[in-house]
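I opened a new page for this chain. The notes below follow the order in which I looked things up.

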Amino acid sequence: MKVAGKVVVVTGGANGIGQALAEIFHREGAAKVVVADLDGARARTVADAIGGASFACDVGKEADILRVIEETEKQFGPIDLFCSNAGIGGGVLIEDDDQAWLDNWNVNVMSQVHAARALLPGWLERGDGYLVVTASAAGLLTTLGDAAYAATKHASVGLAEWISIAYGDRGVKVSCLCPQGVRTNMVFGEGAEQNIGIRQVKALRIVEPEEVADAVVA
């Protein structure tokens, strides 16, 4: 897919990889870039800088994702490219309570299920549509210090693969992004140094969000 002229949505678009994606899609000539993020004020700042639109959105809630999709299509037309980029970590281990696990599951996996459920009918009817899922190298390998992140990112990779196989012959395209050690709030935010997995990726090469965005466009 060429981004020029397309309507694009980026969740988790207020900073890090999401912000870099929103900015490069704008430079590539997207008709409209919609930035959705839990931090609505920051999403609006990013969107204003690129002439885009923004929504405050908790991707862990299906109603929020549906609102973003419905309002985007009402205002700007059918969504061509949806980047399910928002994600959480937090060092959740086996001994932590079910709610912490469910929070990771809802944001890192179910957000993608909910987006695909809403978008697939239109994409299948048009015979065209693109889903970009931001998983992680943790979804291909693992990460010490965060069992829930590793498990849900594996699930995210599996879901992306399943959607690609199930609908690829009907025009739906899927890319699954699996970077390691990106300069984001998750890696450099408060308390990150307490996580052994984050200390490990910091000891390797840190990838800039703009590098990730370049790879997505390519």
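**Entry 1: Ser84 and its contacts**

I started at Ser84. Leaving aside neighbours within four places in sequence, Ser84 is in contact with Thr11, Ser111, Gln112, Leu131, Val132, Val133 and Thr134. I count a contact when heavy atoms come within 4.5 Å.

The model is predicted, so I note its limits: local features need pLDDT of at least 70, side-chain atom pairs count only at pLDDT 80 or more, and totals for chains, interfaces and linings use all residues. Residues are numbered from 1 along each chain as its sequence is written, and side-chain values use heavy atoms, with hydrogens and water left out.

Ser84 lies in strand E4. Is Ser84 buried or exposed? Ser84 is buried, with a relative accessible area of 2%. My cut-offs are under 20% relative accessible area for buried, over 50% for exposed, and partly exposed in between (1.4 Å probe, protein chains only).

**Entry 2: the whole chain**

I then looked at the chain as a whole. It has eight helices and six strands. Both are DSSP runs numbered from the N terminus: helices are H or I with at least four residues, strands are E with at least two. Along the sequence the pattern reads β-α-β-α-β-α-β-α-β-α-β-α-α-α.

Of the 218 residues, 49% are buried. Among contacts with a separation of 6 or more, 65% are between residues 24 or more positions apart.

**Entry 3: strand E5**

Next I checked E5 (129–134). How many residues of E5 are buried? Six of the six are, so E5 is largely enclosed by the rest of the structure. Gly129, Leu131 and Val133 point one way from E5, and Tyr130, Val132 and Thr134 the other way. I recalled the general rule: in a regular strand the side chains alternate between the two faces of the sheet.

I looked for the partners of E5. I take two strands as paired if DSSP finds at least two bridges between them. E4 (residues 81–84) pairs with E5 in the parallel sense over four bridges. Ser84 has Val133 of E5 as its bridge partner. From E4 the chain crosses through helix H4 (residues 98–126) to E5, and this β-α-β crossover is right-handed. By right-handed I mean that, with the strands pointing away from the viewer, the path from the first strand over the helix to the second runs clockwise.

E5 is also joined to strand E6 (residues 172–177), in parallel, by six bridges. Gly129 has Val172 of E6 as its bridge partner. The crossover from E5 through helix H5 (residues 147–167) to E6 is a right-handed β-α-β one. Tyr130 stands opposite Lys173 in E6.

I moved to H2 (residues 40–50), where Gly40, Ala43, Val46, Ala47 and Ile50 are buried. Why do they line one face of the helix? Seen down the axis of H2, the buried residues fall within an arc of 125°, so they line one face; the arc is that of the directions from the helix axis to the C-beta atoms. On the other side of H2, Asp48 and Ala49 are exposed.

What do the buried residues of H2 pack against? I found helix H1 (16–27), strand E2 (32–37) and strand E3 (53–56). Just after H2, Gly51 takes a positive phi of about 70°.

In E3 the side chains alternate. E2 and E3 run parallel, joined by four bridges, and Val34 stands opposite Ala53 in E3. E2, H2 and E3 make a right-handed β-α-β unit.

**Entry 4: Gly29**

Gly29 is found in the loop between H1 and E2. With a relative accessible area of 34%, Gly29 is partly exposed. Not counting residues up to four places away in sequence, Gly29 touches Val3, Ala4 and Gly5. The C-alpha atoms of Gly29 and Lys2 are separated by 9.2 Å, though the two are 27 residues apart along the chain.
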